[in-house]
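Student: I would like to take a close look at one part of this model, and I would be glad of a connected explanation.

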Amino acid sequence: MLTVAEMRSLARQLPLQKFIEQLGPFALVHQQPTLEQAQAAGLPVNAFTTCVSEAESVAAGPVALLFAFEALTVSTLPPLCERDALVVGRQPDSDLVVEELSASKRHAVIRWDQASRRCTVEDLGSSNGTFVNGRRVRAETPLNDGDIIGFGEAHYWFLLAATLHARLSTAPQSDLLGSRSG
């Protein structure tokens, strides 16, 4: 996984097509949970069972993605074929390992179809549900550029690689504001 700051450097060095070749067709950007956050919440670290989601955490997660962009992490995904499926879950052999105790061991599947340049997500009977833009999904659901996907309390911002490249190629918000003294 790379931080947004590390990805920003890469995006400024690479033209769009090379960036897409390196990253893949899309990215999942999220806030990496820390050990301290889990302990502060009173959650057992390395738990073998799924914890129940808190409604407040599920609702607040997407907001954190929008206001903490520079502190977010870009998940590295395995290279995708023309038609591919990525398993999402807490198990270490998942294609996208979600380090959040409210995520099930095998939580959801993300499918990519290169021909239609379409991505979908489907819940695999998880305990706490899969959400797209705050709505629980029960069947295979198309993803659009900029959607927020929730796996329990873990939230990921789904961005096409071209969108992420454009956002990273510009100055971060703090640089645009400038600073004044005196």
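Student: Which residues lie nearest the centre of the second largest pocket, and how many residues line it?

Tutor: This is a predicted model, so local features need pLDDT of at least 70 and side-chain atom pairs count only at pLDDT 80 or more, while totals for chains, interfaces and linings use all residues. Residues are numbered from 1 along each chain as its sequence is written, and side-chain values use heavy atoms, with hydrogens and water left out.

The second largest pocket is lined by 21 residues, and Ile20, Gln22, Leu23, Gly24 and Pro25 lie nearest its centre. On a 1 Å grid over the protein atoms alone, a pocket is an open set of points where a 1.4 Å probe fits, with protein on both sides within 12 Å along at least five of seven lines, and a lining residue has an atom within 4 Å of a point. Its volume, the space filled by probe spheres set on the points, is about 350 Å³.

The largest share of this lining, 4 residues, comes from α2, and α1 (4-13) and α2 each supply at least two residues; helices here are DSSP runs (H or I, at least four residues) numbered from the N terminus. By class, the lining has 14 nonpolar, 5 polar and 2 charged residues, where Asp, Glu, Lys and Arg count as charged, Ala, Val, Leu, Ile, Met, Phe, Trp, Tyr, Cys and Pro as nonpolar, and the others as polar.

Helix α2 (residues 16-23) also meets helix α5 (residues 161-169): their axes, lines fitted to C-alpha atoms over the stretch in contact, come within 10 Å and cross at roughly 120°. That makes α2 oblique to α5, since angles under 35 degrees count as roughly parallel, over 145 as roughly antiparallel, 65 to 115 as roughly perpendicular and the rest as oblique. In this contact (heavy atoms within 4.5 Å), Leu16, Phe19, Ile20 and Leu23 of α2 meet Ala161, Ala162, Leu164, His165 and Leu168 of α5. These residues divide into 8 nonpolar, 1 polar and no charged.

The axes of α1 and α5 come within 8 Å and cross at roughly 95°, which makes α1 roughly perpendicular to α5.

Conventions:
Axes fitted to C-alpha atoms, helices over the stretch in contact; angles between N-to-C directions.
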